[in-house]
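Subject: Structure for you to look at

Hello,

Here is the structure I said I would pass on. Please open it before reading the rest of this email.

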Amino acid sequence: MDDGRLFLKGEWVQGKTTADVRSPWDGRLLRRVAQATPAQAAAALDFATEGRPRLQAQATGTRRAVLEGIAAGLVSRAGEFEELICQEAGKPRTLARAEVRRAVEVFRLAAAELSRFGGSILPVDFDAASAGLECEVRRFPAGVVVGIVPFNFPLNLGAHKVAPALAVGAPIIIKPPPQAPGAQLLLAELAQAAGADPAALQVLPCDNSVAEQLATSAKVRVLSFTGSARVGWQLKQKAPGRVLLELGGNAAVLVAADADLDWAAERCVAGGFGYAGQVCIKVQRAYVERAVYERFLERFVAEARGVRTGDPSLETTLCGPVIDDASAERITAWVEEALAGGARALVGPQRQGRLLAPTVLVEVPPAARVAREEVFGPVVAVWPVDSFEAGLEAINHSAYGLQAGVFTQSLRNVRTAFHQLEVGGVVVNEAPNFRSDNYPYGGVKGSGLGREGVRSAMEELTEERVLVTRVR
């Protein structure tokens, strides 16, 4: 993979301009990456469109072999991917390593899913007029897909778009994150080596105007976007095809009076401060039943003070730098706003450039942005609630609804939370930042549209077609 090149029409080609990729940790120049021109974006769309019938006609075994080949390539070059993610995204090394493992699993899951992803036979002969008719329902690729990938999981969130598209035979164009484009460019190398059709995957780093050109083209049947709510909803208004949005949120946990407080505190710290909180389902809001509030807070604060911060390349680091200066300044401003409104900081806030100390806030005003919006940083706000039901109500009092965590030993509490929480997923006795790559993942309200997870994404990228046949 050469700096200054992009993957277009099955070849590595030069861009007319390049963009710098710098380390979030120390600001050093890591590489210069090609930027696709409007003409190159148009060429990619044309090439994907032309290749669509050929990809749809591919044998299932051919697509499966490509997916398995990419998985094998990820295993053999895992260290290279780990280093790219650690350096470009500033992700702590242990978490970067875990991301590579998950991406391997995504491609393996997609390959395995092909043995059972097909269609169904439905009875339609319900009266004399339909006697002798049979109905077959099959799924066919919807068409050209554009995938826009964020910086925080630059490999795995791209894998969740690429693997399902390759599995169903939908040509996909990936726009990688400008802060961390290397993982998707290297993934294109693996796809090429695995024998993928040249139209199956193209990777075009580009600026926002070219990205919008890709996303809003009439040739695109599905736009799969992961990123900020503001940009995502704007693109939805402009995109002519189907739109899948994963837009994050301000995920909450509820700690019941019967919870294992030591475990809850440990998991909330890992879920709130890991990777400097740059995870869309990180713990941001914590509601604790009043009977155990002080005891939980004591444990949580002690755990938060022990978080190792600093150089993401070190095995011991949990909380590294945030991605850029603008993010550090925004997060700091939101914390200062909460403090000015009456909140108290029990841990933090300190800042050294892009390195923000884990921050625990209490008595946060409901109108503060750290209570309402997605902070995307190492900040957790904690409130007492009078009952479990009041905690559920507080979690639902949000414009977002991606995932929520519930710590309790009560089956009744679990079932109540599952039925009442307005979120895409409820995680019990674990932080809400848990995700398995095979289950339907996505949110409600401002957190997005549609579902990822390999099987779910394969369904989102295909359309059902009905065949009715008279057989007698």
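This is a predicted model: local features need pLDDT of at least 70, side-chain atom pairs count only at pLDDT 80 or more; totals for chains, interfaces and linings use all residues.

The whole chain

The chain is built from 15 helices and 24 strands. Its radius of gyration is 23 Å, close to the 23 Å that the globule rule gives for 472 residues, so the chain is as compact as a globular protein of that length. Along the principal axes, the C-alpha atoms fill a box of roughly 70 × 65 × 40 Å.

Of the 472 residues in the chain, 55% are buried. The chain exposes about 18,800 Å², and 51% of that area is supplied by carbon and sulfur atoms. If we take the contacts between residues at least 6 apart in sequence, 73% of them join residues at least 24 apart.

Three strands form an open sheet in the order β5-β6-β24, and their pairing is antiparallel. The edges are β5 (119–123) and β24 (462–470); each has a single partner strand, so one side of each is left without a neighbour in the sheet. On average, neighbouring strands of this sheet are turned by 25° against each other, direction ignored.

As for what holds such strands together, strands of a sheet pair through backbone hydrogen bonds. Here, β5 and β6 (residues 133–141) run antiparallel and are joined by five bridges. To find this pairing on screen, look for Gly-119, which stands opposite Arg-138 in β6.

Regards

Methods: Residues are numbered from 1 along each chain as its sequence is written. Side-chain values use heavy atoms; hydrogens and water are left out. Two strands pair if DSSP finds at least two bridges between them. Helices (H or I, at least four residues) and strands (E, at least two) are DSSP runs, numbered from the N terminus. Axes are lines fitted to C-alpha atoms, for helices over the stretch in contact, and angles run from 0 to 180 degrees between N-to-C directions. The radius of gyration is taken over C-alpha atoms; the globule rule is 2.2 Å times the number of residues to the power 0.38. Buried means under 20% relative accessible area, exposed over 50%, partly exposed in between (1.4 Å probe, protein chains only). Contact means heavy atoms within 4.5 Å. Accessible areas come from the Shrake-Rupley method with a 1.4 Å probe; for residues, only the protein chains shown count as cover.
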